[in-house]
Amino acid sequence: MKSLTAKKIEPQTLLIILGGLFFAYLFFGFMLMPCLNTLTSIFTVKNADGTIDPFAVIKFFLAGTMGNFVWNSLKLAICLVITVNVVGISIVLLTEYFDIKGAKILRMGYMTTLIYSGVALVTGYMFLYDNDGIITTLLVNAFPDMNPNWFSGFNAVLFTMTFACTSNHMLFLRNAIRGIDYNTVEAARNMGANPFKVLWKIVLPTLLPTLFSLTIMTFITGLCAMSAPTLLGYDSINPEIVRLAGSSTADESFPQARAALLSIILATFTIVLLTVLSAYERKGHYLSVSKTKAKLQKQKINNPVANVLAHIYAYVLFIIYMTPVVMILIFSFQTYSAIRLKTIDFSGWTFVNFFGKEDYSYLTSRGVYKIREGSISGVFSNDATLGGIKISFILSAIAAVLAAIIVVVACSYIFKHKKKGMVLEYSLLFPWLLPTILICYSYRTYFNSQEVWYVFGQNLYYGPNVRVLMILAYTVVKLPFSLRMIKAAFYAIDDELEDAAKNLGASPIITFLKVKLPIIMPSVLAVIALNFNALFTEYDMSATFASTYGTTYAMVIQSMCLEEGLYGYNVNASGRRCASTVFIMIISGIVLYLVYGVGARDLAERLEHKKKRKEVFDKLFHRKTADKVPATK
């Protein structure tokens with residue numbers, strides 16, 4: 001009789017089982033369950049009689065003013081679609097399609113929104129256009145009857161976000177227009193069409209798929225706007241959700257359920273828009289081109305009047321884009337008195353807004369001078385600012401790396417198991433169906449108790465645990481973007497390399513670590529860098545999780561000037577805010593250079609740059625050696 005032996009489980013099979021359990025835990029525990037809890041909370045509120053009324057919140061929504069927040073967000077989104085597309089398309093055409101003098105300089109100005117965004121960008125515009133801003137002060141002095149509070153509400157939000165949201169056009173539409181086959185343009189020109197008719201009949205139809213995607217992205221951005229409406233005083237959905245989340249039933253009627261309802265409304269809009277986008281993409285709007293594509297050549301504007309007007313328009317936009325950047329950079333090196341008076345003191349340049357501390361003396365109402373030691377402090381010597389930088393850096397770095405690791409492992413499984421991997425892929429894309437504010441609000445309410453067994457009964461919103469909750473939210477929100485980027489990198493892996501490694505006796509794990517991972521590593525590092533860049537200055541999620549232990553860099557910047565100079569404390573908050581924005585620009589610029597500059601080079605370009613560096617090094621080294629060696633007779 002043969003002895004029965006236990007079947008040995010291979011390490012690869014064990015890893016797949018453990019990985020499947022982990023992803024199930026991640027999906028059901030941190031994606032599905034919190035959002036379902038938010039949905040059910042809408043229908044479990046109690047009315048004035050103390051009985052559960054499933055339609056109480058809906059009745060309140062229809063009878064109250066909650067609908068105004070939805071309408072305000074819709075109005076902003078619709079108007080942004082028009083203004084952002086007009087400005088975004090025009091700046092791309094001015095720098096990539098038409099022959100405009102100084103196009104390279106113009107392009108650099110238009111791309112400044114890539115290195116600072118969110119709360120940093122909004123505060124930059126407020127520094128110029130607020131009631132005591134530089135430009136507003138100049139306008140009020142020139143026109144005394146002008147309202148100094150003109151930069152607030154809907155108009156201010158629309159103006160700020162119009163120029164803030166064109167960064168996607170400079171990234172995606174620019175690549176699309178540079179990929180147009182010039183043969184089609186030249187053929188139309190040979191048939192007698194003028195440049196503007198070629199643009200309307202040939203170029204723009206080619207760009208329609210990209211423009212449609214950008215329109216959907218802009219609409220969702222306007223619908224889910226947070227930082228601009230919060231700072232500029234506009235009643236939209238996201239700021240109201242954050243306000244209600246921090247309220248209680250003692251203050252107003254069922255605020256948590258109302259916040260949940262607004263979150264679900266946002267989610268509904270997002271799902272519908274993404275469904276429409278997917279249906280449009282499946283139609284396959286493509287333009288037939290010649291087999292040998294020609295590089296697009298810039299078109300000259302032959303009409304002298306149109307040419308002059310195009311140049312004027314281009315440089316007016318350049319001034320609008322560059323003025324906040326230049327002013328923030330200049331005033332970050334000014335003294336607190338010059339910043340307060342909004343005047344440039346060319347004899348008072350200082351680094352105190354970045355480094356070091358100074359004492360501040362002031363005259364009290366009793367006529368007595370007081371001194372506040374260290375009240376004037378820089379970004380890297382102020383405890384609150386430095387603490388915000390540390391928290392944001394650590395949380396963003398951990399979340400960016402975690403998202404990349406999870407997606408790399410998932411993509412490896414997806415490409416090996418095509419049919420089974422579809423379930424995993426759709427699970428990782430699930431957060432894209434929901435607004436960020438819904439995910440964060442769901443986390444805040446669901447994990448703010450000790451009844452969630454699969455996190456071991458820990459209240460993740462209490463005390464220092466909120467940092468763990470923020471890392472989880474950051475990671476989940478970045479999973480869809482990481483999946484799209486890293487999955488594209490996996491297509492570059494040649495199957496023959498894996499077969500060769502397998503024939504040499506390498507295990508699947510060794511093959512992945514030694515063959516696949518080095519190939520996709522540049523893309524993985526790029527995804528980590530881009531995720532970190534976005535999370536480091538993130539405001540929406542930070543506002544939802546706001547607490548003593550979760551005050552991020554963006555929250556510090558936002559609240560930096562609320563009590564500026566009160567009782568002699570926090571005197572140079574505006575200067576430190578300018579210095580913080582400059583610091584963000586530097587960090588973002590470095591990341592973008594590493595991703596789109598160094599990281600975008602192919603192997604041939606890297607070898608060429610390496611060769612040039614070696615030649616320069618050898619030349620310098622040879623010269624130094626020759627100088628040291630004495631001449632022989």
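This is a short chat about a predicted protein model.

Student: What does the secondary structure come to?
Tutor: The protein has 25 helices and two strands.

Student: And how much of the protein counts as buried?
Tutor: Of its 633 residues, 45% are buried.

Student: What about the surface? How much of it belongs to carbon and sulfur atoms?
Tutor: The accessible surface is about 33,800 Å². Carbon and sulfur atoms hold 64% of that.

Student: Let's pick one residue. Where is R576?
Tutor: R576 sits in helix α24, which covers residues 573-598.

Student: Is R576 buried or exposed?
Tutor: R576 is buried, because its relative accessible area is 2% and the cut-off for buried is under 20%.

Student: Which residues is R576 in contact with, leaving aside neighbours within four places in sequence?
Tutor: They are N353, S377, G378, V379, N382, T385, M560 and N570.

Student: New topic. How do the axes of helix α4 and helix α14 cross?
Tutor: Helix α4 is residues 103-110 and helix α14 is residues 304-331. Their axes come within 8 Å and cross at roughly 40°. The two helices are therefore oblique to each other.

Student: Is that crossing left-handed or right-handed?
Tutor: The crossing of α4 and α14 is left-handed.

Student: Which residues make the contact?
Tutor: From α4, I105, L106, G109 and Y110 take part. From α14, the residues are A314, Y315, L317, F318, Y321 and M322.

Student: How many of those are nonpolar, polar or charged?
Tutor: Nine are nonpolar, one is polar and none are charged.

Definitions and conventions. Residues numbered from 1 in each chain as written. Predicted model: local features only at pLDDT ≥ 70, side-chain atom pairs only at ≥ 80, totals over all residues. Heavy atoms only, no water. Helix = DSSP H or I, 4+ residues; strand = E, 2+ residues; numbered from the N terminus. Buried < 20%, exposed > 50% of the residue type's maximum accessible area, 1.4 Å probe, protein only. Areas by Shrake-Rupley, 256 points an atom, 1.4 Å probe, with all protein chains shown as cover. Contact = heavy atoms within 4.5 Å. Axes fitted to C-alpha atoms, helices over the stretch in contact; angles between N-to-C directions. Parallel < 35°, antiparallel > 145°, perpendicular 65-115°, else oblique. Left-handed = near helix turned anticlockwise from the far one by under 90°. Nonpolar A, V, L, I, M, F, W, Y, C, P; charged D, E, K, R; others polar.
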